Amino acid sequence: MRIKFASFALAFALLVGGGTAYAEEGGHSGWAHSADNQIGNLSSLQRGARNFTNYCTGCHSLKYERYSRLCDDLKISEKQCQALLVKPGDKPTDYIKTSMPEKDAVEWFGKAPPDLSLVARSRGPDWIFNFLTTFYADPSSRQTGVNNLQLPGTAMPHVLASVQGVQNAVWRNVETKGDDGKPVVTREFEKFEPGVPGSVTAEQYDEFVRDTVNFLQYVSDPSQLQREGMGIWVVLFLLMFTGIAYLLKKEYWKDVR
């Protein structure tokens with residue numbers, strides 16, 4: 001596998017240009033799901049690193065993460081790291097930076113694509129997962145031809161359409177009474193229906209996104225892997241220390257009545 005820079009990264013750069021609140025489209029209505037990612041799943045993290053390198057680094061940086069740190073944490077050999085993750089011209093000790101000059105990004109897109117180092121902490125894994133899995137065809141109202149349930153009116157094109165395909169959203173009209181007592185009709189999401197097929201099944205696409213979300217969560221706090229590994233030893237130490245302290249207290253106070 002060689003590094004290829006696609007426009008998936010641009011999508012994140014544009015997602016801040018979203019539109020109306022989803023309450024206007026009828027709320028979550030059962031479509032939101034948990035990312036259910038496992039930060040301790042090393043294979044998932046490795047696949048997520050591959051996904052990010054292949055689809056995101058053309059526009060986005062991870063300015064707090066070095067290639068060397070990433071590869072050490074994810075048990076990727078130096079040879080594989082250099083061949084598959086490190087961009088041409090970069091060194092393993094460099095921070096992961098986009099190959100797109102900021103000046104060009106502003107000229108082409110209106111603003112520089114944001115750094116994604118902390119996106120999992122600011123948005124949350126579930127938000128990212130639902131954003132990347134709820135695109136649907138909407139050629140009548142969106143210039144990109146798609147809209148999104150998590151971020152209605154998003155300026156982001158569905159750059160993973162070749163992977164997921166383009167699904168159709170089915171809506172139903174729901175009539176409620178407004179504050180003035182008059183009937184108000186709103187649209188409520190009902191379900192997705194298959195549209196243009198992608199290159200993978202729905203289950204495989206969910207796994208693809210889950211791996212990517214997992215990787216972004218790791219990047220937002222790389223030390224959490226070490227903390228979770230040390231946690232059990234800290235608890236065992238505290239239990240042992242508590243036992244020793246209790247025996248010592250009994251020894252000191254045995255003759256004091």
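**View A. Asp-36 counts as exposed, at 55% relative accessibility.** Exposed means over 50% relative accessible area, buried under 20% and partly exposed in between, computed with a 1.4 Å probe and protein chains only. The model is predicted, with local features requiring pLDDT of at least 70 and side-chain atom pairs counted only at pLDDT 80 or more, whereas totals for chains, interfaces and linings use all residues. Residues are numbered from 1 along each chain as its sequence is written, and side-chain values use heavy atoms, with hydrogens and water left out. Asp-36 belongs to the loop between helix 1 (8-14) and helix 2 (42-55); helices (H or I, at least four residues) and strands (E, at least two) are DSSP runs numbered from the N terminus. The phi angle of Asp-36 is near 50 degrees, a positive value in a residue other than glycine. Most residues other than glycine have a negative phi. The loop between helix 1 and helix 2 also holds Gly-40, which is exposed at 63% relative accessibility. Between the C-alpha atoms of Gly-40 and Tyr-218 the distance is 9.2 Å, although 178 residues separate the two in sequence.

**View B. Lys-75 has a positive phi, near 60 degrees, in a residue other than glycine.** The residue lies in the loop between helix 3 (67-73) and helix 4 (78-85). With a relative accessibility of 61%, Lys-75 is exposed.

**View C. Lys-97 is placed in the loop between strand 2 (95-96) and helix 5.** Its relative accessible area of 40% makes Lys-97 partly exposed. Apart from neighbours within four places in sequence, Lys-97 is in contact (heavy atoms within 4.5 Å) with Thr-57, His-60, Ser-61, Lys-63 and Lys-87. Lys-97 and Arg-66 are 31 residues apart in sequence, and their C-alpha atoms are 9.2 Å apart in space. The charged end of Arg-66 sits over the ring of Tyr-95, at 4.1 Å from the ring centre; a charge sits over a ring if NZ of Lys or CZ of Arg is within 6 Å of the ring centre and within 35 degrees of the ring normal. Helix 5 (residues 102-109) contains Val-106, a partly exposed residue at 39% relative accessibility. Leaving aside neighbours within four places in sequence, Val-106 touches Lys-111 and Ala-112.

**View D. A search of the whole structure finds 10 aromatic pairs.** Trp-127 and Phe-131 form a stacked aromatic pair, 5.2 Å centre to centre and with 10 degrees between the planes. Rings of Phe, Tyr and Trp (its six-membered ring) pair if their centres lie within 6.5 Å, and planes under 30 degrees apart count as stacked, over 60 as edge-to-face and the rest as tilted. Trp-127 and Phe-131 both belong to helix 7 (residues 125-133), where they are four residues apart, about one turn of the helix. Both residues, Trp-127 and Phe-131, are buried. Phe-237 and Phe-241 are also stacked, because their ring centres are 6.1 Å apart and their planes lie at 25 degrees. Helix 10 (residues 224-253) holds Phe-237 and Phe-241, again four residues apart and about one turn of the helix. Phe-237 is partly exposed, at a relative accessible area of 46%. One aromatic cluster is formed by Tyr-136, Trp-171, Phe-189 and Phe-192.

**View E. Helix 7 is largely enclosed by the rest of the structure, because seven of its nine residues are buried.** The buried residues of helix 7 are Trp-127, Ile-128, Phe-129, Asn-130, Phe-131, Leu-132 and Thr-133. Arg-123 lies over the face of Trp-127, 4.2 Å from the ring centre.

**View F. The axes of helix 7 and helix 9 (residues 202-220) come within 10 Å and cross at roughly 145 degrees.** Axes are lines fitted to C-alpha atoms, for helices over the stretch in contact, and angles run from 0 to 180 degrees between N-to-C directions. The crossing of helix 7 and helix 9 is right-handed; a crossing is left-handed if the near helix is turned anticlockwise from the far one by less than a right angle, and right-handed if clockwise. Helix 7 makes the contact through Pro-125, Ile-128, Phe-129, Leu-132 and Thr-133, and helix 9 through Tyr-205, Asp-206, Val-209, Arg-210, Val-213, Leu-216 and Gln-217.

**View G. The protein chain has 10 helices and six strands.** Of its 257 residues, 39% count as buried. Among contacts in the protein chain with a separation of 6 or more, 71% are accounted for by residues 24 or more positions apart.
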